[in-house]
Amino acid sequence: MNGRRALVLGVCLLIGVTARVAAGDWDLDALMAARREVRSSSARFVERKYLRLLMERLESSGRLRYVAPDRLERITEKPAAETFELSGSTITGTQRNGERYTLSLAEHPEVAALVEGVRATLAGDLPTLQRHYAVSLAGDRARWQLRLVPYEQIVREKIDDIVIGGADVFLTTVEVHEKDGDRSEMTIQPDGP
Amino acid sequence: MRRARSIVIAGWLLGLAALIVVISRTPFSTDMSAFLPRAPAPEQQALVDQLREGVASRIVLAAIEGADAATRASLSRAMAQRLRDDPAFARVENGESGGTSADQSFVWRNRYVLSAAVDAERFTAAGLRRALERDLEILASGMEPLLKASITRDPTGEAIGLAQTLGGEVHREIRAGVWTARDGARALLLFQTRAAGFDVDGQEHAVDAIAGAFAAARAAQPAAAGARLVMSGPGVFAVRTRAAMKHDVSLYSTVAMSVIVALLLLLYRSLPVLLLTLAPVVSAALAGLAAVGLCFGFVHGITVGFGITLIGEAVDYAIYLFVQSKGQGGTATTLRRIMPTLQLGVLVSICGFAAMLFSSFTGFVQLGVFTIAGLAVALGVTRFVLPRLVPAEFAWTGELVPASRLLALVQRAGALRWVLLALVAFALAGVQARRGDLWQDELSSMSPIPAADLALDGDLRRDIGAPDVRYIVTASAPDREAVLEAGERTDAVLRELVAAGVLSGFDAPGRYLPSARMQAARVAALPPPAVLRTALAEALTGLPFRPESFEPFLAEVAAARAAPPLTRAALDGTALALKVDSLLLERADRWIATLPLRDVRDPGRVSRALATLPAPARGRVVLVDLKTESDALLHRYRHEAILLALLGAVAIAGLLLVWLRSLRMTLAVLAPLAVAVIGTVGVLTLGAGRLSIFNVFGLLLVIAVGSNYCLFFLRGDLSGERGAATVGSLLAANLCTVIGFGALGLSHLPVLFDIGRTVALGTALSLVAAAILTPGLARSQAAGTPA
């Protein structure tokens, strides 16, 4: 797709989204519909983890990439380079030493619960979200908060909730609150237009 | 006289009853390894073991095609759920979790004795420091949710390392929660049966269970109507081959039998005589089976299949008796006249088949025993029982319309000898020109598996990442510990080769069950609690970890130091147990460890590296190329078959020479047989045709049956009505053989196709050649030899 066509398409989409919002309130359906229009995006992230295991917070940073409908990539740059890629129901990772590993989401429900919450939100896939979580949305279009509380027992034993914050179609924060008190906060800075 | 007759008939019937009792107590086996050699070289033993019970022989690959991805996935889940409870399977994998938790728990509990990374340096302050720094990186990474819980118990990451080594590096595509082919069109399942590959009944049970689970899952889902199940794997092939063999043998032997019966009815125009003709055949088959049962304790299914080959010869005896009785004053007179010829004929055949008794393949020895016992009994029944079942004055009164014309032809046939010799010379030249590639040289040429099935197997294997085993390293030693230690030394060498890119991976029994010595060394590398505590405290200095978090680690290392050594019994209940059992085999007086290699790029280098290893006491470590070995096995088969056939031919020649006391008369019998063999080989190798081992055994049959024709031409009176009857009986006998074996030649299975064609063609050729050559050769001698 050349730049001009992309621009035209973007403008059309923007008008479409704006038209819909103007017609109604900012609700789950509106957020999901807006997200479904996003075919791909990339951003920088900084993640801070507060773990009981550690006396101080742990910070990492790098890049995130999303390609609709189901590909999500996390490229950590600091403190060590590694990649973590979710595609379909498989996670493929590369460690610092270059070794690769593959995980099946089906085999790791707690990991699945974490990544699926973020990915289904990015994809605007409400049915998937609602299959795994009780979903509630607060705030308005300019500043919203999506709270996901897991249904499955095996996940509830580990995770209290996931709170995704955003502005417009963009996700800006992801917070995970774990049962044992550990939590992580990721701030996301979308690459500018 | 009448009394004697009753006694003989009663004795015969009693004998048949006894044979039936013996047979009913004989188990029938379908273990194909009866056709593998009894005392092979060590490399071939490895092949035979792999074929019989190696882990590769127990794998069944299945794929669900058709319908949509979600439906395929749900079918896969339903099948797996049902089959995981089925004791026929040691392992059911479809990409879901489940079935592996026992394995994971075993690996987790025993990580300190299983991990090759465990050494003393790893638990020093410096070693622990490195591990903890790495743990921090993991906590910061995307893997944190997965590994956070294990870090305080396993900071050195032994369990993760083991999961990567044991899980293999094969990438598996998961879609809709289940294993899927890379192109997304098939859901994949992998089964490991408990039954070994050679246990065809067990494999059949497993294959049926998989098909049943699929059918049940499909029936439960309306959207699944378009879904299909395809299966592959050694067990699946074995089951299909046996079914095809059963089908073909019963179909074509029924066809052959019906045509033969119709032909004989046409000939005799008498149902009782027809039934009498079959009496020697049935007796012979029962005697053959019983003899094999008594000698071996079991009868192989293939031996039974070949039982029909007996029809070819045993049916002849009664035909000779009845047809030649025409106008000869009854069966008693005829019998007296033809008996010497028949006796010699049977002796010649037995000589030929006796060669098979020296085969190193149990299956062929069984065939030899079967045939010899069968022919002897067929002759005995023809000699003693048949005459007493028909009135002494019985004489066949039918009319073989072409018989007199046939006789006229035979009387002039000698003129054709130059034509025949020219054809033989032509055939010989053809064979000579092809001598470089006369033989089918790959074991696969004997394989009854259709090419399309093999292609599917290749596809599924690639999709599933199942090993396509060609190269394995085998280590042998007198006991389990010694072989495990040899395997561990090999493991170390292979790991260096993997790092050097010579191969991409391998498996080894020591990964699941390390030798006692290796376990002791690893436990010894774990420091005492106080020492470990001090080292950990030093390693933690300056790191953000809370020191008290690692109490579980300290406790578990202490427990590992005190734990009893790991034994094979500890693996019970895990899929790893089966893996160890298939990689570690116990033979009569020794243990063999197998290490299957993946993706070998330079086998020479692997061999050289292994040569540097110190050999275990009274044992050895070798690289085995299963393809080379299987081809070598085929060569061995073939050389043996040719040797035995030659041996049989020499024995036959010797017997004839002793019996006939005339070189020329012997030649009169052997020349047509040589012509038939050369001619048959010439025709079989016409164009691009190549010979298989089955052709060789077919030729042995040609010699056994064809020699009877020659003997009749040699000793029979070839003039007048008696001559016509002799020639007619030979033609009728040969027609039965050609029809019987020709029907087998319709099969697509190499063994039936090859033997059927060879015998049908060869016996017809030997009849023609005998008619042309034998009377002439015999006549020129007649003056000097008493009849």
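1. Overall contacts. In chain B, residues 24 or more positions apart account for 82% of the contacts with a separation of 6 or more (two residues are in contact if their C-beta atoms, placed from the backbone, lie within 7 Å). Chain B has 29 helices and 13 strands; helices (H or I, at least four residues) and strands (E, at least two) are DSSP runs, numbered from the N terminus. Of its 787 residues, 50% are buried. A residue is buried if 20 or more other C-beta atoms lie within 10 Å of its own, exposed if 12 or fewer, and partly exposed in between, with C-beta atoms placed from the backbone.

2. Basis. This is a predicted model, in which local features need pLDDT of at least 70 and side-chain atom pairs count only at pLDDT 80 or more, while totals for chains, interfaces and linings use all residues. Residues are numbered from 1 along each chain as its sequence is written, and chains are lettered from A and ligands numbered from 1 in the order in which they are written.

3. Contact between the chains. Chain A gives 28 residues to the contact and chain B gives 25. On the side of chain A that touches chain B, the elements giving two or more residues are β2 (58-67), β3 (71-78), β4 (82-87), β5 (90-94), β6 (100-104) and α3 (109-123) of chain A. By class, that side of chain A has 12 nonpolar, nine polar and seven charged residues (Ala, Val, Leu, Ile, Met, Phe, Trp, Tyr, Cys and Pro count as nonpolar, Asp, Glu, Lys and Arg as charged, and the others, Gly among them, as polar).

4. Strands of chain A. Strand β1 (residues 40-50) of chain A runs antiparallel to β2(A), with 10 bridges joining them; two strands pair if DSSP finds at least two bridges between them. A:E47 has A:S60 in β2(A) as its bridge partner. β2(A) is also joined to β3(A), by seven bridges and in the antiparallel sense, and A:R65 stands opposite A:E73 in β3(A). These two strands, β2(A) and β3(A), form a hairpin with three residues between them.

5. Sheet of chain B. An open, antiparallel sheet of four strands has the order β3-β6-β2-β7 (chain B). β3 (89-93) and β7 (228-232) of chain B are the edge strands, each pairing on one side only. From one strand to the next the twist averages 20 degrees. Axes here are lines fitted to C-alpha atoms, for helices over the stretch in contact, and angles run from 0 to 180 degrees between N-to-C directions. β3(B) is joined to strand β6 (residues 187-193) of chain B by four bridges, and B:V92 has B:F191 in β6(B) as its bridge partner. Helix α3 (residues 69-84) of chain B packs on the sheet, where it touches β2 (59-65), β3 and β6 of chain B and makes about 15 degrees with the direction of β6(B). Helix α9 (residues 200-219) of chain B also packs on the sheet, touching β2, β3, β6 and β7 of chain B, at about 150 degrees to the direction of β6(B).

6. Helix pair. Helices α14 (residues 331-354) and α15 (residues 362-389) of chain B pack at an angle of about 175 degrees, with axes 10 Å apart. α14(B) is therefore roughly antiparallel to α15(B) (angles under 35 degrees count as roughly parallel, over 145 as roughly antiparallel, 65 to 115 as roughly perpendicular and the rest as oblique). Residues making the contact include B:L335, B:M339 and B:L342 of α14(B) and B:I372, B:L375 and B:L379 of α15(B). The residues of this contact divide into 13 nonpolar, five polar and one charged.

7. Strand β12 of chain B. Seven of the eight residues of β12(B) (residues 591-598) are buried, so the strand is largely enclosed by the rest of the structure. Strand β9 (residues 471-477) of chain B pairs with β12(B) in the antiparallel sense over six bridges, with B:T474 opposite B:T594. Strand β10 (residues 505-506) of chain B pairs with β12(B) over two bridges, also antiparallel, and B:G505 stands opposite B:R598. Three bridges join β12(B) to strand β11 (residues 584-586) of chain B, where B:L585 is the bridge partner of B:I592.

8. Helix α27 of chain B. In α27(B) (residues 693-715), 23 of the 23 residues are buried. The helix reaches 34 Å from its first C-alpha to its last, close to the 33 Å expected at 1.5 Å a residue; the expected span is 1.5 Å times one less than the number of residues.
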